[in-house]
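Please look over the following structure before reading the notes below, which are grouped by topic and are meant to be read alongside the coordinates.

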Amino acid sequence: YSTVQSELGESVRAEKVTQKRNQDLASLNQIGQQLNALTNHEDIFAYLEEIIPRLISSPNLTIATINEDDVTLSFPVSIINHEAAFLQDRPLTDGPIKYILDFHQPLLLHSRREYHQYLSETNSPSTPPRSLLAAPMIVSEKTYGVILLEDFKEANQFSDVDLELLS
């Protein structure tokens, strides 16, 4: 009886995972269609600012773009502790945004220890995030910017599914 009950529990969990994945795929399809319909950067960033928090829970969201000089960052979207914030343009320095721009790959970190393993300690924040999820924004094979989600209170806040959604 316990074997049947265990198998039934596994089956129910697998079905829930499949349902969640199908729901995420439908959301991604809808997002892709909406993004394709948008024609200017401001509308695209406004849409991303609206949709990303619905898909992935995070108190901090930053969208950084690299300017044409390839040394200056702009921040069309910045949410800090669930509140919209203004970030001044600044030079590109070591840290998660530079890492993503250099390697053109998404990054998922579950702890401060992992943060220090992957990212240079020079110019790192005095208190690095406990969880980090970042993905490049690539247009015509050029990395145009980075979507960065951070949680400074909770470790293991983001999952592989979140990484897949953001990528």
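In this predicted model, Asn29 is partly exposed, because its relative accessible area of 47% falls between the 20% and 50% limits that separate buried from exposed residues. Asn29 belongs to helix H1, which covers residues 2-37. Between Asn29 and His116 there are 35 Å in space from C-alpha to C-alpha, for a distance of 87 residues in sequence.

**Helix H2**

- Helix H2, made up of the 15 residues 41-55, spans 21 Å between its first and last C-alpha, which is close to the 21 Å expected at 1.5 Å a residue.
- At the start of H2, the backbone nitrogen of Glu42 has a side-chain oxygen of Asn40 within 3.2 Å.
- The buried residues of H2 include Phe45, Tyr47 and Leu48, and Ile51 and Ile52 are buried in this helix as well.

**Nonpolar cores**

- The largest nonpolar core contains 21 residues, and among those with the most contacts inside it are Ile52, Leu61, Ile63 and Leu133, together with Ile147, Leu149 and Leu166.
- At least two residues of this core come from each of H2, strand E1 (60-66), strand E2 (72-80), strand E6 (131-139), strand E7 (142-151) and helix H5 (160-166), and H2 gives the most, with five residues.
- Ile147, when residues up to four places away in sequence are not counted, touches Ile52, Leu61, Thr62, Ile63, Leu133, Ala134, Ala135, Met137 and Leu166.

**Strand E7 and its partners**

- Strand E7 is largely enclosed by the rest of the structure, because eight of its ten residues are buried.
- The pairing of E7 with E1 is antiparallel and extends over six bridges, and Ala64 stands opposite Val146 of E7.
- E6 and E7 also run antiparallel, and they are joined by nine bridges; Met137 has Gly145 in E7 as its bridge partner.
- The hairpin of E6 and E7 has two residues between the strands, and in this hairpin Ser140 takes a positive phi near 50°.

**Thr143 in E7**

- Thr143, which is placed in strand E7, is buried, because its relative accessible area is 9% and the cut-off for burial is 20%.
- The side chains of Thr143 and His104 form a polar contact at 2.5 Å.
- With residues up to four places away in sequence left out, Thr143 touches Ile66, Leu101, His104, Pro136, Met137 and Ile138.

**Ser131 in E6**

- Is Ser131 buried or exposed? This residue of strand E6 is buried, with a relative accessible area of 1%.
- The side chain of Ser131 reaches the backbone nitrogen of Asn156 at a distance of 3.1 Å.
- Apart from neighbours within four places in sequence, Ser131 is in contact with Leu109 and His110, with Leu149, Glu150 and Asp151, and with Glu154, Ala155, Asn156, Gln157 and Phe158.

Key. Residues are numbered from 1 along each chain as its sequence is written. This is a predicted model: local features need pLDDT of at least 70, side-chain atom pairs count only at pLDDT 80 or more; totals for chains, interfaces and linings use all residues. Side-chain values use heavy atoms; hydrogens and water are left out. Helices (H or I, at least four residues) and strands (E, at least two) are DSSP runs, numbered from the N terminus. The expected span of a helix is 1.5 Å times one less than its number of residues. Buried means under 20% relative accessible area, exposed over 50%, partly exposed in between (1.4 Å probe, protein chains only). A polar contact is a pair of N or O atoms within 3.5 Å; within protein, one must be able to donate a hydrogen and the other to accept it, and residues adjacent in sequence count only if both atoms are side-chain atoms. A nonpolar core is a set of buried Ala, Val, Leu, Ile, Met, Phe, Trp, Tyr and Cys residues joined through side-chain atoms within 4.5 Å. Contact means heavy atoms within 4.5 Å. Two strands pair if DSSP finds at least two bridges between them.
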